[in-house]
Amino acid sequence: MNMQVVNPRYQHYKGPAAGWGALRSVTRFWLDSKQPLKNLRALLKTNQNGGFDCPGCAWGDSPGSDRVKFCENGAKAVNWEATSRSVNAAFFARYSVTQLREQSDYWLEYQGRLTEPMRYDRATDHYVPTSWDDAFGLIAKHLKGLDSPNQADFYTSGRASNEAAYLYQLFGRALGTNNFPDCSNMCHEASGVAMSQSIGIGKGTVTFSDFDKADAIFVLGQNPGTNHPRMLEPLREAVKRGAQVVCFNPLKERGLERFQHPQHPIEMLTNGSEPINTRFFRPALGGDMAAMRAIAKFLLQWEREAVSSNQPSVFDHAFIAAHTQGIDEYLNLLDNSSWQSLVEQSGLTLQELEHAAQLYREAQRVIMCWAMGITQHQHSVAIIQEITNLQLLRGNIGRPGAGLCPVRGHSNVQGDRTMGINERPSAELLDALQQRFKFSVPREEGHNVVEAINAMLAGETRVFVALGGNFAQATPDTPLSHKALQNCELTVQISTKLNRSHLTTGTNALILPCLGRTDIDEQAGGPQAVTVEDSFSMIHASYGQLTPLSTQMRSEPAIIAGMAKTTLGDTPVNWDALIADYREIRKLIADTIPGFTDFNQRLLQPGGFYLGNSAAERQWQTASGKANFKANPLLEDLIPEQAKRSGQQADLIMQTLRSHDQYNTTIYGLDDRYRGVTGQRKVIFANGADIIRLGFKTGQKVDAVSLWDDGLERKIVGFTLLAFDIPAGQAAAYYPEANPLVPLQSFGSGSFTPTSKFIAIRLFASETDKQMIEAKSA
Ligand SMILES: Nc1nc2c(c(=O)[nH]1)N[C@H]1C(S)=C(S)[C@@H](COP(=O)(O)OP(=O)(O)OC[C@H]3O[C@@H](n4cnc5c(=O)[nH]c(N)nc54)[C@H](O)[C@@H]3O)O[C@H]1N2
Ligand SMILES: Nc1nc2c(c(=O)[nH]1)N[C@H]1C(S)=C(S)[C@@H](COP(=O)(O)OP(=O)(O)OC[C@H]3O[C@@H](n4cnc5c(=O)[nH]c(N)nc54)[C@H](O)[C@@H]3O)O[C@H]1N2
Ligand SMILES: [Mo]
């Protein structure tokens with residue numbers, strides 16, 4: 001997997017998910033890390049007691065300590081972090097920032113780990129070495145020079161540990177702001193918003209053991225074969241014991257079809273594989289709300305038939321009476337939703353919808369899982385509330401084998417929220433902080449990601465600090481987001497690897513190199529553990545295993561404490577003492593965050609501890625004290641008004657998604673094995689019939705523009721059009737290459753999440769192609 005250029009290829013992939021293909025791929029990445037033996041030792045410590053938490057996804061660990069607990073893409077994440085290549089002062093002396101900007105995202109991260117603190121020198125357009133003290137001094141000077149603390153934004157990506165996140169929010173709030181935009185704003189925000197309103201808690205209600213008990217597992221808008229490979233095992237086990245695994249996905253993702261277990265020797269030797277799903281439905285983009293509503297409408301019809309013929313009820317009346325409110329209004333809405341509108345919007349036939357409803361009804365215990373195909377739409381909050389309504393009808397929340405499972409992305413994104421990384425913090429959290437630390441806690445709401453970009457563009461935000469992530473590439477409307485960062489007086493990136501955000505500098509800019517999950521974190525009090533929370537609300541410790549590449553790197557908590565101490569002095573805490581021994585941070589967490597009493601002691605439990613979930617216990621922390629049926633009207637038209645007002649007709653509706661060789665904006669390679677794509681990422685998948693209808697040929701280079709009414713041209717150029725097994729009218733392209741098409745103002749109602757899975761686009765024969773042809777014929 002050297003940075004060699006492979007000829008772009010495109011060929012149907014016939015193999016199963018995981019299996020030999022995965023093993024081959026892991027081996028390549030592993031050798032390429034340049035320290036294969038060290039990394040093998042590290043890999044075997046992934047997700048083990050006394051080892052580190054996988055920096056990949058937020059899927060929980062299977063109980064039992066004898067199992068290998070990493071997957072192909074977890075191994076890639078580990079090898080990517082644990083490389084021996086370094087991006088140091090010599091590297092930055094060699095390349096100017098302008099030169100670096102010419103390189104691909106793939107090339108940038110491939111250069112290795114950031115190993116020294118660097119300051120951007122505008123005069124020479126180079127990053128130059130700086131000391132930690134000078135870096136902290138520059139940050140303090142800028143923060144103290146603000147007219148209001150709300151002129152600073154503190155971004156967090158979801159890899160930060162609980163300890164780092166807690167200190168970060170404490171620092172920001174002690175400074176006086178709730179400006180904590182985070183990757184969650186672009187990810188599962190809608191899940192948190194929807195579930196908080198419906199069931200009084202924004203987190204999944206199931207744990208690992210529920211997957212062994214469910215009669216049906218619905219997987220909506222998720223591609224676990226690539227993004228949560230460890231989830232394939234429980235899905236396959238479920239199919240084996242006769243449970244239903246029902247997928248809703250417009251794409252027949254390989255990882256949702258067949259699975260070869262990399263840790264089952266017989267399956268590997270015989271090249272056997274097992275099915276992952278029992279039924280696959282392919283809805284329209286954004287069609288899941290209508291699909292869920294149709295299932296509920298069938299249940300209502302069958303419930304009425306059961307009542308009139310004295311058959312057992314379809315609804316769980318005891319649960320509904322004791323635990324919910326709002327059912328009448330909801331049932332009215334079901335009666336008033338026409339079958340025709342549900343069929344049209346879902347993109348599924350009435351027969352398919354009825355079949356899905358039967359599968360749902362026949363299962364005594366149902367788990368609903370979902371990810372980005374559900375959360376990145378204009379009406380995501382309503383879609384998730386419809387999923388919840390359905391579960392409430394049959395009492396499928398708060399009993400074994402049933403519940404809601406928003407499958408999180410980043411390995412600690414859920415924990416970061418628990419620690420208070422939230423631009424709209426609860427009064428409970430703010431009161432607890434005020435009481436414990438005796439400073440006047442800011443009560444005003446802060447910026448989410450979209451609001452932060454708007455504030456930077458307007459010149460209201462002057463300092464931008466990022467605890468990880470790649471803000472420049474992860475956000476929508478790329479050129480605008482870049483302009484926003486460049487508008488700041490100071491941008492600070494606390495990072496492990498070089499990315500485009502480092503090259504999209506404010507007037508002043510800093511790169512602060514930090515330790516990653518795999519690195520040993522040695523402090524005055526000895527090597528430190530950090531903690532994380534997975535999608536099942538399990539909290540456990542993570543111990544780095546590898547010697548850091550450079551003594552100049554610092555841990556995230558140490559960097560935050562350094563910024564805080566230089567800016568605020570020893571208030572509201574003695575920052576140095578917290579860094580000497582992270583148990584001191586955990587004591588503060590125990591004092592202020594519910595559920596963490598005796599934090600340090602409970603961490604000693606093998607496998608960690610369960611934080612608990614009120615809804616799982618059928619306690620509803622809503623205003624009504626009950627679980628709420630939410631009667632949201634169906635959108636009349638999924639295409640937003642603003643797109644229609646552009647006066648243009650969309651050719652296709654496009655979603656942006658992840659390839660198999662990437663972790664968000666981190667590109668590990670140019671292949672997408674399960675979709676048959678090799679050596680390229682600038683592709684647009686479309687239906688063969690659409691390609692003909694629009695007058696193109698498969699393999700042709702095209703440009704795409706998106707429709708919006710603000711007069712800006714949003715365009716991506718020179719993408720190869722590929723005929724793919726995708727429903728008519730739809731297209732798909734990779735994130736982040738397609739992000740310039742997502743309008744900043746196109747976000748979910750109530751969630752502010754960019755609508756990355758629903759973009760109205762038009763296609764044109766590529767200008768780059770035309771220019772080439774003209775050049776040739778000249
Ligand atoms: N290896 C690897 N692991 C990862 C990540 C990674 O990039 N690489 N990213 C991590 C992060 S932060 C996250 S949030 C998760 C993301 O995990 P996923 O949500 O699985 O990621 P996406 O690639 O965005 O896939 C979205 C899926 O939803 C489908 N889809 C799109 N629109 C719709 C729709 O309207 N309805 C339905 N039913 N389906 C739809 C797409 O076809 C696709 O299969 O993975 C995490 N894990
Ligand atoms: N169009 C479109 N846009 C999307 C999405 C989509 O599906 N489509 N998905 C959205 C989603 S779900 C998410 S979560 C966001 C992701 O947004 P981000 O979390 O901001 O982006 P990442 O690509 O995960 O960040 C990668 C960078 O994080 C840094 N990093 C890695 N590990 C560590 C660490 O341990 N500590 C620190 N300090 N830094 C580290 C490295 O420098 C690396 O370059 O993107 C969103 N954007
Ligand atoms: Mo995410």
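I count a polar contact as a pair of N or O atoms within 3.5 Å; within protein, one must be able to donate a hydrogen and the other to accept it, and residues adjacent in sequence count only if both atoms are side-chain atoms. By that rule I found a backbone N or O atom of Thr 226 at 3.1 Å from a nitrogen atom of ligand 1. A polar side-chain atom of Glu 253 sits 2.6 Å from an oxygen atom of ligand 1, and for Asn 664 a backbone N or O atom is 2.7 Å from an oxygen atom of ligand 1. I then looked up burial: ligand 1 exposes 920 Å² taken alone, and the protein buries 99% of that (Shrake-Rupley method, 1.4 Å probe).

Housekeeping: this is a predicted model, where local features need pLDDT of at least 70 and side-chain atom pairs pLDDT 80 or more, while totals for chains, interfaces and linings use all residues. Residues are numbered from 1 along each chain as its sequence is written, chains are lettered from A and ligands numbered from 1 in the order written, and side-chain values use heavy atoms, without hydrogens and water.

Next, the domains, with bounds from an automatic or database domain assignment. I get domain 1 (9-81), domain 2 (86-186 + 412-519 + 553-596), domain 3 (189-406) and domain 4 (641-777). Ligand 1 lies between domain 3 and domain 4, because both give residues to the shell around it.

Last, I checked domain 2 against domain 3: their C-alpha centres are 37 Å apart. I see 7 residues of domain 2 in contact with 4 residues of domain 3 (heavy atoms within 4.5 Å).
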